[in-house]
Amino acid sequence: MYIGVDCGTQSTKVVVVDVDAGRILGEASRPHRLDAGDGGRREQAPADWIAAFRGAFREAVERAGIDARAIRAIGVSGQQHGLVALDATGEPVHPAKLWCDTETADHNAALVERLGGEAGCLDRLGLVLQTGYTASKLAWLRDTRPEAYRRIDSLLLPHDYLNFWLTGERVAEAGDASGTGYFDTRTRRWREDVLAEIAPELDPPRVLPRLIEAHEPAGTVRPELAADLGLAEDVVVSSGGGDNMMGAIGTGNIAPGLVTLSLGTSGTVCAYSPEPVIADDAQVANFCASHGGWLPLICTMNVTSATTRVRELFGLDLAAFGEQVASAPIGAEGVTVLPFFNGERVPTLPQATGSFLGLTSVNTTQANLCRAVVESATFGLRYGLERLGDLAAGASQIRLIGGGAKSPVWRQMVADITGTPVICPEVTDAAALGAALQAAWCERYPDTPLEDLCARLVHLDEGTHTEPEPDRITAYHGAYGRYRQALADHYT
Ligand SMILES: Nc1ncnc2c1ncn2[C@@H]1O[C@H](COP(=O)(O)OP(=O)(O)O)[C@@H](O)[C@H]1O
Ligand SMILES: O=C(CO)[C@@H](O)[C@H](O)COP(=O)(O)O
């Protein structure tokens, strides 16, 4: 048995997987609190992730009906980019600033300039620093929280932190590390010189975690924690990785030819590449994958975070919201939304705000407003697919994951707006499944290739197969054109 854990923005999910039987035995999740403030602050307490892990782990094991002593390895996936700075005792010096925190936009702009602009970033890092990446959070901490900054002893990411809690080891792997902004994504090595420019008082070899390969273990579960969780001795913890990297594994997107699109709090589109990608477009993130190779990716910050905002404004539950969206026509009778409630990463507008446009006394209905926000979140991902260009162009199918993938209306919308067939894996929480697969790969390495494990466990849900419909593709052209025009009008 193997455990996969995904520490997302909204919750931690745990899956229990029987690799030999090719079955998911149990799943559970626990929500996280989010501290959101004016100015773009988005923070979480790492202790909450641990509490959520404990609760979801116990419930998933109970649901699976197994003895926890049968678990052989654990893999951890985590929301990317969050800064978990620890002191010498292993305690966070400050709450974790998350991937969706835009409070550090000015610090990011200053860092990009300092590194020589986009060209300088590409040269030193293999990608262009964006607000949301870890680097500017560290610069912000140095500037605004000097007392916390002075106590920093190590710099981890959310999944590194959970691995540290599980094993006592401070390690990192290339997939998640590539979103820090002090890592060269082409050579898969820390850029100590870049870290020294951001945080000159910190000693890079001391504060940076030891890099391990994706198939290598982070360690084994600490004996006292193993006893507490009911685990056997020496349970392996795999390297883990960023949630998008683990989502790629959990959708079988481990070789070229597929696109994974996630409708989570964030929206992401990514495609595997065996070579590092230097895109002309600064918005394409040349991240590493968490199983070797690369995972060029586009991330938008306003997907279910935006749809949830409008849904809650109208006091609708998910089912009623879905009915409202389905009841409005394509294009929401001319209502266009720029859903940048907390700024945006792609397009690069960290300090943008949201807008509802084209409202009249006729089209201002609940149904149109609900539909327009879902359409706009999906238009943002089409815009992202266009930025990926050739990297995604060959894909004959989109593997759709994340909470929003559970909605049939949204699946049809993704198929029609991208003009590509869509299918969901049976487990839409693909990052947790990917983490479990990576754990099995690590524990059985090199005897069982990752491809074999994906073939055994990544089952597609044929019931979700959605073909784009020509009439609807055409109908969306006008609405997408309005969205692009609104973008150009507001932000050029
Ligand atoms: N049927 C549905 N339709 C639309 N949104 C949904 C549906 N089911 C879940 N969601 C949304 O999915 C989001 C959670 O997605 P998830 O991928 O788990 O997020 P994260 O990994 O960012 O924590 C929530 O905002 C939830 O409201
Ligand atoms: O910042 C990114 C990718 O670069 C986000 O995709 C985060 O990794 C958070 O993911 P979710 O919580 O939405 O799954």
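Colleague: Which residues are closest to ligand 2, and how many surround it?
Modeller: Ligand 2 is surrounded by 16 residues, and the closest are Thr9, Gln80, Trp99, Gly264 and Ser266. A residue counts as near if its C-beta atom, placed from the backbone, lies within 6 Å of the molecule. This is a predicted model, where local features need pLDDT of at least 70, side-chain atom pairs count only at pLDDT 80 or more, and totals for chains, interfaces and linings use all residues. Residues are numbered from 1 along each chain as its sequence is written, while chains are lettered from A and ligands numbered from 1 in the order in which they are written.

Colleague: How is the shell around ligand 2 divided by class?
Modeller: It has 13 polar, 2 nonpolar and 1 charged residues. Asp, Glu, Lys and Arg count as charged, Ala, Val, Leu, Ile, Met, Phe, Trp, Tyr, Cys and Pro as nonpolar, and the others, Gly among them, as polar.

Colleague: Where does ligand 1 lie, and why do you say so?
Modeller: Ligand 1 lies between domain 1 (2–243) and domain 2 (252–425 + 459–492), because both give residues to its shell. The domain bounds come from an automatic or database domain assignment. The shell has 15 residues, including Gly8, Gly264 and Thr304 among the closest. Helices α12 (304–313) and α13 (318–327) are the elements that give two or more residues to it.

Colleague: How do you know whether Asp243 is buried or exposed?
Modeller: Asp243 has 35 other C-beta atoms within 10 Å, so it is buried (20 or more make a residue buried, 12 or fewer exposed, anything in between partly exposed). An unreviewed UniProt entry places the feature "active site" at Asp243, though such annotations may be inferred rather than shown by experiment. Among the residues that Asp243 touches are Asp6, Gly8 and Gln80 (contact means C-beta atoms, placed from the backbone, within 7 Å).

Colleague: How confident is the predictor in the protein and the complex?
Modeller: The protein averages a pLDDT of 96, and 100% of the residues score at least 70 (pLDDT is the predictor's confidence in each residue, from 0 to 100). The complex has an ipTM of 0.98 and a pTM of 0.97.

Notes. Contact = placed C-beta atoms within 7 Å. Helix = DSSP H or I, 4+ residues; strand = E, 2+ residues; numbered from the N terminus. Lists of a residue's contacts leave out its neighbours within four places in sequence.
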